[in-house]
Amino acid sequence: MTIDSLVVAEKDSVARAIAKYLAQGSISIRKVYGIKTYWFTRGDEQWASIGLKGHIMDVDFPEELNNWHSVEPSKLFDVEPMLVIREDTINYARALLRLGAGANIVYLALMPILRVRP
């Protein structure tokens with residue numbers, strides 16, 4: 001599965017809108033591990049966009065450090081946390097791996113950090 005450009009959006013409706021506005025022609029929907037992806041061409045290139053569903057991964061500590069009542073919190077600063085794929089998002093992770101492996105460019109179309117001024 002070769003893709004010139006993959007767009008990763010924060011949710012499905014954004015991925016669909018990106019495909020709608022960038023496509024030069026029709027859009028097809030394909031499921032990758034059960035996750036909707038929007039396929040289209042732009043110029044002579046094959047593009048795909050996929051929307052995520054919240055956070056795909058959590059940050060966690062090794063099991064022996066997960067008992068908050070018996071671990072001194074300051075010890076956690078010296079431990080490398082682990083990234084753990086959430087059980088309900090495993091197919092999103094699989095789809096990202098498969099699509100990303102075949103993509104020349106990956107665009108992250110995610111929500112920017114907003115700053116509130118006093």
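Author: Two strands pair if DSSP finds at least two bridges between them. Keep that in mind for this model, which is predicted.

Reader: How many bridges join β2 to β3, and which way do the strands run?

Author: Five bridges join β2 (residues 28–32) to β3 (residues 35–42). The two strands run antiparallel. Check individual partners: Ile29 bridges to Tyr38 in β3, and Lys31 stands opposite Lys36.

Reader: What do β2 and β3 form, and how many residues lie between them?

Author: They form a hairpin with two residues between them. Look at Tyr33 in the turn: its phi is positive, about 55°.

Reader: What is the strand order of the sheet?

Author: The order is β2-β3-β4-β1-β7. This is an open sheet of five strands, with mixed pairing. β2 and β7 are the edge strands, each pairing on one side only. On average, neighbouring strands are turned by 25° against each other, direction ignored.

Reader: Which strands does helix α1 touch?

Author: Helix α1 (residues 12–22) packs on the sheet and touches β1 (3–9), β3, β4 and β7. Its direction makes about 15° with that of β3. Helix α2 lies across β1, β2, β3, β4 and β7, and runs at about 25° to β3.

Reader: Now the rings. Why is the pair of Trp47 and Tyr107 called stacked?

Author: Planes under 30 degrees apart count as stacked. The structure holds two aromatic pairs. In the pair of Trp47 and Tyr107, the ring centres are 5.7 Å apart and the planes are at 5°, so the pair is stacked. The pair links distant parts of the chain: Trp47 is in β4 (residues 45–51) and Tyr107 in β7 (residues 103–109), 60 residues apart. Ring pairs also bring in Phe40, giving a cluster with Trp47 and Tyr107.

Reader: Buried or partly exposed: which is Trp47, and which is Tyr107?

Author: Buried means under 20% relative accessible area. Trp47 has 9%, so Trp47 is buried. Tyr107 has 39% and is partly exposed.

Reader: Which residue lies over the face of Trp39?

Author: Arg30 does, at 4.1 Å from the ring centre.

Reader: Last one. Where is Thr89, and what does its side chain reach?

Author: Thr89 is in the loop between β6 (82–85) and α2 (90–101). At 2% relative accessibility, Thr89 counts as buried. Its side chain reaches the backbone oxygen of Ile56 at 2.9 Å. Leaving out residues up to four places away in sequence, Thr89 touches Lys53, His55 and Ile56.

Definitions and conventions: Residues numbered from 1 in each chain as written. Predicted model: local features only at pLDDT ≥ 70, side-chain atom pairs only at ≥ 80, totals over all residues. Heavy atoms only, no water. Helix = DSSP H or I, 4+ residues; strand = E, 2+ residues; numbered from the N terminus. Buried < 20%, exposed > 50% of the residue type's maximum accessible area, 1.4 Å probe, protein only. Polar contact = N/O pair within 3.5 Å; in protein donor to acceptor, adjacent residues only side chain to side chain. Contact = heavy atoms within 4.5 Å. Phe/Tyr/Trp six-rings, centres within 6.5 Å; stacked < 30°, edge-to-face > 60°. Lys NZ or Arg CZ within 6 Å of the ring centre and 35° of its normal. Axes fitted to C-alpha atoms, helices over the stretch in contact; angles between N-to-C directions.
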